[in-house]
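Hi,

Here is the model I promised to pass on to you.

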Amino acid sequence: MPTRQLTVLGGYPTGPAATIRKDRWWVSPAITLIVLTVFSVYVTWAALQGDHYYANPYLSPLYSPVLYTDPSVAGAAPIAHSWLGVWPSWWPGFLPASPALLILFFPGVFRFTCYYYRKAYYRAFTGSPPACAVNPVASRRYRGETAWLIFQNLHRYALYFAVLYIFILYYDAFVSLFRNGEFGIGVGSVVLFLNATFLGGYTFGCHAMRHLVGGGFDCMSCGKTTARYGAWKRVSWLNARHPNFAWASLVWVGFTDIYVRLVSMGVITDLNTWTN
Amino acid sequence: MSTRTFKIWRGDSGGGAFNEYDAEVDEGMVVLDVLHRIQALQANDLAVRWNCKAGKCGSCSMEINGRPKLACMTRMNTFGPDEVITVQPLKAFPVIKDLTCDVSWNYEQNKRIAPFKPQPRGRDGEHRMYQQDVDRVQEFRKCIECFLCQDVCHVVRDRGRKDAFVGPRFMIRLASLEMHPLDDDDRVPEIMKEYGSGMCNITRCCTDTCPENINITDNGIIPLKERVVDRYYDPLARLARLFAGRRMRTKTRSEEQSK
Ligand code: SF4
Ligand code: SF4
Ligand code: FES
Ligand code: FES
């Protein structure tokens with residue numbers, strides 16, 4: 001019995017986001033949309049604050065490295081933590097005096113151009129396509145990543161900076177074991193170490209990393225145990241878990257900032273072993 | 001045994017419609033079994049392609065409840081008891097009749113790809129390669145050419161850009177040649193300019209769909225995109241090549257010829 005005559009051959013619906021699928025295909029892009037939006041809003045807010053990013057001996061990863069600091073601000077890093085000294089007088093008055101604004105660009109670009117996040121936000125934010133076998137939200141003439149999205153090809157340059165940040169974040173975590181010269185450990189230290197580790201897992205599992213350490217060669221081992229092949233194997237292991245590290249590190253970096261902020265504001269007390 | 005309702009698209013290049021069939025389903029059946037039962041008992045002229053019934057020939061590709069699938073590998077017990085099962089021909093290719101499509105566009109893409117070009121033999125007169133170096137290209141040999149990835153890829157399926165992109169199946173064929181330790185050909189300019197690596201926006205539907213679980217995007221397309229970056233977009237790599245005096249092709253063969 002003919003039940004329905006559709007205009008598109010094969011019985012396919014037309015129009016944006018139309019599909020025959022009956023499962024809840026929109027759940028995953030919706031979660032992506034919500035998490036990425038909440039994260040971006042929070043990070044922007046936190047970066048604009050310029051205060052309570054330091055709770056001795058913890059430094060929020062959103063503010064690391066501290067290039068300049070204004071130690072008179074509540075919860076600001078002490079001058080010893082600053083790479084270049086006190087807050088510069090040339091800083092334009094209309095911008096909040098926040099050290100985060102000086103350093104967040106690179107991690108931001110790194111995530112934005114990440115092959116995995118591209119998938120996530122092309123699907124969730126631009127509907128290109130929203131999910132598999134679901135009609136894309138129309139664009140005039142589709143050109144993929146060849147037109148204005150061509151800058152995505154410079155992802156590896158963002159990676160170079162991201163690797164640098166991993167070392168800095170581990171350094172921060174290491175420094176968080178000393179309060180006023182006394183060795184110890186607090187919940188915040190664990191939070192900071194986990195943060196560096198998640199971000200490290202994310203960064204070293206990068207597709208561009210996988211290519212650069214060995215994937216770009218056809219003969220990675222040529223029958224020998226080469227460092228190149230070994231590195232490629234390790235990066236490949238992380239790479240297979242790249243989405244997991246991407247989400248874990250995203251959530252954790254936000255959480256770390258919240259933790260340090262709340263401790264710095266005195267809202268919560270950090271459990272630790274220090275006596276001073 | 002239970003009775004299940006199937007909504008099957010019937011028609012040809014001139015048009016068509018969904019027809020409903022109630023069919024008896026036995027335990028252990030797959031969608032292809034039910035289609036055969038409908039064909040035997042209710043619709044003798046139902047066109048459906050199949051061959052191996054073992055997920056190895058890639059003939060029975062169709063869309064089941066809106067998802068590109070192999071009918072012989074889609075078990076009936078994966079559906080809810082009252083679920084109506086919608087079956088359609090692949091969206092990305094022209095319908096011949098009912099559930100069969102003309103997939104010849106894919107064979108045309110395949111013909112465009114230059115075949116394997118072996119390196120000269122080693123000093124001992126042998127070709128040598130090592131298992132660990134070919135592991136990654138062997139993943140792509142699992143392909144059964146079901147073209148489900150081609151069908152689900154939005155560039156091919158919905159964007160009308162068959163002119164600009166060979167599709168995921170042929171991107172991994174290219175990857176298997178380009179990464180092969182014994183292949184002597186350089187395919188990077190063609191990968192970018194003719195086969196269209198930049199058209200893929202790595203949204204991974206091909207990988208999510210592949211019945212052979214080939215990691216098309218991560219292991220095939222992205223590595224190719226990175227090689228394209230080396231050749232065209234990375235300013236430091238270009239500078240390094242300049243200083244080292246290493247010349248690499250940036251024009252495709254047909255661009256070189258048309259000069
Ligand atoms: S990842 Fe690329 S090739 Fe695969 S379906 Fe998406 S756009 Fe197509
Ligand atoms: S890559 Fe997978 S989905 Fe694509 S044709 Fe081969 S087996 Fe089918
Ligand atoms: S691909 Fe995700 S960080 Fe590089
Ligand atoms: S009939 Fe061969 S794959 Fe389904």
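Ligand 2 is surrounded by B:Cys143, B:Ile144, B:Glu145, B:Cys146, B:Phe147, B:Cys149, B:Arg169, B:Ile172, B:Cys210, B:Pro211, B:Ile214 and B:Ile216, where a residue belongs to the shell if one of its heavy atoms lies within 4 Å of the ligand. By class, this shell holds 10 nonpolar, no polar and 2 charged residues. The classes are as follows: Ala, Val, Leu, Ile, Met, Phe, Trp, Tyr, Cys and Pro are nonpolar, Asp, Glu, Lys and Arg are charged, and the others, Gly among them, are polar.

Before going on, some housekeeping. This is a predicted model, in which local features need pLDDT of at least 70 and side-chain atom pairs count only at pLDDT 80 or more, while totals for chains, interfaces and linings use all residues. Residues are numbered from 1 along each chain as its sequence is written, chains are lettered from A and ligands numbered from 1 in the order in which they are written, and side-chain values use heavy atoms, with hydrogens and water left out.

Ligand 1 has 14 residues around it, and the closest are B:Cys153, B:Cys200, B:Thr203, B:Arg204 and B:Cys206. Helix H5 (154–157), helix H8 (205–209) and helix H9 (216–233) of chain B are the elements that give two or more residues to that shell; helices (H or I, at least four residues) and strands (E, at least two) are DSSP runs numbered from the N terminus. The shell around ligand 1 divides into 9 nonpolar, 4 polar and 1 charged.

B:Arg204 counts as buried because its relative accessibility is 18%; the cut-offs are under 20% relative accessible area for buried, over 50% for exposed, and partly exposed in between (1.4 Å probe, protein chains only).

Now for chain B as a whole. Its secondary structure comes to 11 helices and 7 strands, and its C-alpha trace spans about 70 × 40 × 30 Å along the principal axes. Of its 259 residues, 57% are buried. Helix H3 (residues 131–141) of chain B has B:Asp133, B:Val134, B:Arg136, B:Val137, B:Glu139 and B:Phe140 buried. Their cover includes helix H7 (207–215) and helix H8 (227–240) of chain A, together with helix H6 (168–178) and H9 of chain B, with contact meaning heavy atoms within 4.5 Å.

In strand E6 (residues 95–97) of chain B you will find B:Ile96, which is partly exposed at 42% relative accessibility. B:Ile96 and B:Ser13 are 83 residues apart in sequence and 6.0 Å apart in space, C-alpha to C-alpha. Leaving aside neighbours within four places in sequence, B:Ile96 is in contact with B:Gly11, B:Asp12, B:Ser13, B:Arg49, B:Cys101 and B:Asp102.

Chain A comes to 9 helices and 5 strands, in the order β-α-β-β-α-α-α-α-β-β-α-α-α-α from the N terminus on. Its C-alpha atoms fill a box of roughly 85 × 55 × 40 Å along the principal axes, and 50% of its 276 residues count as buried. In helix H3 (residues 105–113) of chain A, the buried residues are A:Phe110, A:Arg111 and A:Thr113. Helix H4 (115–124), helix H5 (155–175), helix H6 (187–204) and helix H9 (242–265) of chain A are among the elements that cover them.

For your backbone checks, there are some peptide bonds to note. The bond from A:Asn56 to A:Pro57 is cis, with omega near 5°, and a cis bond also joins A:Ser64 and A:Pro65, with omega about 0°. A:Pro57 lies in the loop between strand E2 (54–55) and strand E3 (58–59) of chain A and is buried, with a relative accessible area of 3%. Not counting residues up to four places away in sequence, A:Pro57 touches A:Val175, A:Ser176, A:Phe178, A:Arg179 and A:Trp274. A:Pro65 is found in the loop between E3 and helix H2 (100–103) of chain A.

Lastly, A:Asn180 has a positive phi near 45°. This residue lies in the loop between strand E4 (178–179) and strand E5 (182–183) of chain A and counts as exposed, at 57% relative accessibility.

Best wishes
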